[in-house]
Amino acid sequence: MTPPPPSNGGAAQPASDDNNNDHLVQSEDPEHPANLIPSLCAKFWTLGWVTGTGGGASIRDDDLVYIAPSGVQKELMKSSDIYVLSLAAQAKSLDRRSRVYLRSPPQYKPSQCTPLFLAAFTKRGAGCCIHTHSHWAVLVTLILEQQNSREFRINNIEQIKGFGNGFQKSGNLGYHDTLVIPVIENTAHEEDLTEFLEEAMDKYPDTYAVLVRRHGVYVWGDNVHKAKTQCESLDYLFQLAVEMKQLGLPWISEVEPTVPRRQD
């Protein structure tokens with residue numbers, strides 16, 4: 001089938017049902033990416049993560065990348081609203097801002113988050129990337145801004161165990177480990193964040209997330225389960241960090257390990 005013409009991040013070119021590859025988003029399987037993205041985004045909306053059409057999610061299924069559109073009420077999204085592109089075809093493009101969508105909904109525009117999602121897939125081999133406008137994430141970046149800091153650091157909190165040790169490393173972080181999340185500055189246009197997100201990924205090869213100052217956070221994982229787990233864990237830690245700050249409690253502490261009295 002002939003794919004739709006390239007889009008430069010604006011409105012996708014309309015196509016007839018015959019050549020728009022609608023079959024890519026049609027499935028009775030609730031775990032199919034085209035069904036899972038609307039389901040996840042509806043859940044995220046209840047958490048305040050994707051208010052007012054902001055935020056989104058993308059899932060990679062081998063070479064196919066499924067992406068939530070721009071401008072849609074995330075709690076009302078349907079599988080027919082999903083964009084699909086080929087990761088291999090995108091990698092061959094000489095113009096990084098030009099994207100050929102295998103499947104495009106006629107009524108929406110491609111998400112400006114797309115190149116940031118693609119960075120997680122190409123640089124980290126991620127299977128899912130989630131972008132939220134969580135107000136806890138934004139508040140943490142504002143606190144760090146007052147400290148002239150570009151890193152969120154926290155340790156000795158149980159929820160840290162929700163994060164993997166790093167790219168291509170086995171196991172998860174431990175209770176006493178320090179979780180480090182880099183912060184990049186926001187840009188007027190979301191797509192322009194891409195180079196700064198990629199720089200942060202290079203500088204922090206073990207991170208699974210990047211905070212965007214006064215904006216939100218990008219979180220990825222090997223699969224949907226891991227990305228969702230890490231996103232939920234991170235939001236918990238952001239809220240905890242804000243409340244700890246209000247109480248004058250430090251995010252980094254010295255805690256002596258507790259050794260079991262009996263070891264069988």
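## The annotated residue E158

E158 counts as partly exposed because its relative accessibility is 47%, where partly exposed lies between buried, under 20% relative accessible area, and exposed, over 50% (1.4 Å probe, protein chains only). The model is a predicted one, in which local features need pLDDT of at least 70 and side-chain atom pairs count only at pLDDT 80 or more, while totals for chains, interfaces and linings use all residues. Residues are numbered from 1 along each chain as its sequence is written, and side-chain values use heavy atoms, with hydrogens and water left out.

In an unreviewed entry, UniProt lists E158 under "active site"; UniProt positions follow the numbering used here, feature names are shortened, and annotations may be inferred rather than shown by experiment. E158 sits in the loop that runs between β6 (151-155) and β7 (178-184).

## The chain as a whole

The chain has six helices and nine strands, which are DSSP runs numbered from the N terminus (helices H or I, at least four residues; strands E, at least two). The chain is as compact as a globular protein of 264 residues, because its radius of gyration is 19 Å, close to the 18 Å of the globule rule; the radius is taken over C-alpha atoms, and the rule is 2.2 Å times the number of residues to the power 0.38.

Along its principal axes, the C-alpha trace spans about 70 × 45 × 35 Å, and 49% of the 264 residues count as buried. Of the contacts between residues at least 6 apart in sequence, 66% join residues at least 24 apart, a contact being heavy atoms within 4.5 Å.

## I252, after the helix α6

I252 lies in the segment after α6 (224-246) and, with a relative accessible area of 42%, is partly exposed. Not counting residues up to four places away in sequence, I252 touches R153, I154, N155 and T178. The C-alpha atoms of I252 and I157 are separated by 9.7 Å, although these residues are 95 apart along the chain.

## The enclosed space

One cavity of 30 Å³ or more is counted, a cavity being a set of points, on a 1 Å grid over the protein atoms alone, where a 1.4 Å probe fits but cannot get out. The largest cavity holds about 40 Å³ of space; grid points are joined across faces, edges and corners, and the volume is the space filled by probe spheres set on the points.

The largest cavity is lined by R124, A126, F167, T207, Y208, W220, G221 and D222, lining residues being those with an atom within 4 Å of a point. By class, this lining has four nonpolar, two polar and two charged residues, where Ala, Val, Leu, Ile, Met, Phe, Trp, Tyr, Cys and Pro count as nonpolar, Asp, Glu, Lys and Arg as charged, and the others, Gly among them, as polar.

Notes. 1 Å grid on protein atoms, 1.4 Å probe; cavity = no way out; pocket = protein on both sides within 12 Å on 5 of 7 lines; lining within 4 Å.
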